[in-house]
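Hi,

Here is the structure I promised to pass on. Have a look first, and then read on for what turned up.

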Amino acid sequence: MSARQLADQKIGSTKTLIAGADGAVVRRTILPGGLRVITEAMPTVRSVSFGVWVGVGSRDETPALAGSSHYLEHVLFKGTKRRDALEISAALDAVGGEMNAFTSKEYTCFYARVLDNDLPLAVDVISDMMTSSLVRTADVDSERGVILEEIAMHEDDPGDVVHDAFAEALFGDTPLGRPILGTVASINALQRTAINGYYRRRYRPENMVVAVAGNIDHAKVVRLVAKAFGTMLSDDAQVDRRPAPPRVGGRPPASRSGVSVVPRPTEQAHLVLGVPAFSRVDERRFALGVLNGALGGGMSSRLFQEIREKRGLAYSVYSYAAHHAETGMFGVYAGCQPAKAAQVLEICRDQLDLVARGGITAEELARGKGQLAGSLVLGLEDTGSRMSRLGKAELVYGELLTVDEILSYIQAVTLDEVRAVAAEVLSAKQTLAVIGPFDENAFADAVA
């Protein structure tokens, strides 16, 4: 189902997107106001995962609002017109359900997993938070301390911080280069008026997707959601709004090469060496995924074999690809003893250079395909992962591919395509981020 087909679907109508042979059916209804409800019926399970995906993340923030998207993730649990914070959490606890939320650079998700009979409760509680949170000054102030503690906990894990340092080194002081959590200074500066205004502007029906997977009936889910969102869908100023288009394309931010060293008295050095890569809708992303598997995606990968198995230089070493609306990144992470950091970095650079110049072997191609395909299928074994697939596809891709379609794209990747992607991506000027007991000028000549 493409973005064009979404544009053609009328408000109030329902379409079947996928009808699986196993009884799994995916349907989408567009409610007044542009709210989309997309469900996957899984008749062989007894649970349901319900999520509300909002098209807002840290990249939507101005510097003055840095951390607001994540701040809202916390504050919306603090109380609505109908429930206080205890009643929100107790409602799902009482039925053995799970409820949580997360924020990324481009979207926020609030979700619950419950028994199928308890779906009406999950819909009511989370929708109430989406539409009717009070965002009181007292709640903003009390949650400020919690968020500052979360930032402190994050800062205490250099294996996490190095990825933020790499994003900042690669994209600079841009929305993609700033941390999702914000900074201590930005969180201390945020006040209730700014956060509430951000909530009222961003949490609108046309900017939301309700995704549900499990033992459900689509028509019943639509009725529950329509009732729970209530007047937000019937507001005269909103009723005829179309769903917001997916966030794809646009001019990529200027990327930078160079070295960023964060001095820390750590027992390990943490390194990320990487380059800019493809956007989330670039057709070459499948070839890049296969390349990632061969280069650093598993125990048989080049980096794992060269750095850990042959030389014992690191416990953790891997590569990864991340995709955004208009750009992406490809990186290699390693954690090692500080005295071995230069040697590990040299091996990483050598392997990237070898693959950039010569590509991968046919055997590595087969392993990379198998790893990518296996991780995809095994990752869809529960209702939560199915719900996430629906929400992300609808909100950020504007396209829902069947599992078989994705597998066919992976299997169609050729050795020449991987070599072309490797030559283009891995030949780019590199960016390096390092955290460890080093001087700020260390590794100054470490990248090409």
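Which residues lie nearest the centre of the second largest pocket? They are E168, R178, P179, G182 and T183, out of 24 residues that line this pocket. A pocket here is an open set of points on a 1 Å grid over the protein atoms alone, where a 1.4 Å probe fits, with protein on both sides within 12 Å along at least five of seven lines, and lining residues have an atom within 4 Å of a point.

Before going further: this is a predicted model, where local features need pLDDT of at least 70 and side-chain atom pairs count only at pLDDT 80 or more, while totals for chains, interfaces and linings use all residues. Residues are numbered from 1 along each chain as its sequence is written, and side-chain values use heavy atoms, with hydrogens and water left out.

Back to that second pocket: its volume is about 460 Å³, meaning the space filled by probe spheres set on the points, which are joined across faces, edges and corners. Helix α6 supplies the largest share of its lining, four residues. (Helices are DSSP runs of H or I with at least four residues, strands runs of E with at least two, numbered from the N terminus.)

The largest pocket comes in at about 1500 Å³. Of its 45 lining residues, A321, A322, H323, K392 and Y397 are the closest to the centre. Here α15 gives the largest share, seven residues.

Now the inside. The largest nonpolar core has 51 residues, and F50, L76, M130, Y203, V210, V225 and F229 have the most contacts inside it. Such a core is a set of buried Ala, Val, Leu, Ile, Met, Phe, Trp, Tyr and Cys residues joined through side-chain atoms within 4.5 Å, and buried means under 20% relative accessible area with a 1.4 Å probe, protein chains only. Take V225: leaving aside residues up to four places away in sequence, V225 touches L31, L35, V37, F50, V123 and V210, a contact being heavy atoms within 4.5 Å. Apart from this core lies another, of 50 residues, including A341, I410, V418 and L432.

Cheers
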